[in-house]
Amino acid sequence: MARKLIHRTTVSSRCSVGIYRDAESDEFVVQAKVDGKTVGGRDGGAFESRKADARGTAAAMVRELRRRPACRR
């Protein structure tokens with residue numbers, strides 16, 4: 001699966017959310033990472049067909065990560 005990073009938001013030094021474009025499936029993949037490990041969902045992220053939807057999902061993941069004690073600055 002060839003994914004290209006479109007955008008990354010760093011929540012803290014340990015937490016980030018990335019939006020990737022998957023060329024094979026023509027979808028956007030939104031992944032949250034804590035300490036370098038992907039969290040949330042057994043498929044390794046949320047899959048969206050539209051970029052606007054992927055941005056909304058990423059914003060929700062950022063809000064979720066900010067609530068985690070491990071991701072607070």
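**View 1. F28 in β3 is the bridge partner of R21.** Helices (H or I, at least four residues) and strands (E, at least two) are DSSP runs, numbered from the N terminus. The model is predicted: local features need pLDDT of at least 70, side-chain atom pairs count only at pLDDT 80 or more, and totals for chains, interfaces and linings use all residues. Residues are numbered from 1 along each chain as its sequence is written, and side-chain values use heavy atoms, with hydrogens and water left out. Strands β2 and β3 pair in the antiparallel sense over eight bridges; two strands pair if DSSP finds at least two bridges between them. Four residues lie between the strands in this hairpin, where D26 takes a positive phi near 55 degrees.

**View 2. β1 and β2 form a hairpin with four residues between them.** Strand β1 (residues 3–10) pairs with β2 in the antiparallel sense over seven bridges. H7 stands opposite I19 in β2.

**View 3. The largest nonpolar core has 15 residues.** Such a core is a set of buried Ala, Val, Leu, Ile, Met, Phe, Trp, Tyr and Cys residues joined through side-chain atoms within 4.5 Å. V17, V30 and L65 have the most contacts inside this core. At least two of its residues come from each of β2, β3 (27–34) and α1 (51–67), and α1 supplies the largest share, five residues.

Methods. Buried < 20%, exposed > 50% of the residue type's maximum accessible area, 1.4 Å probe, protein only.
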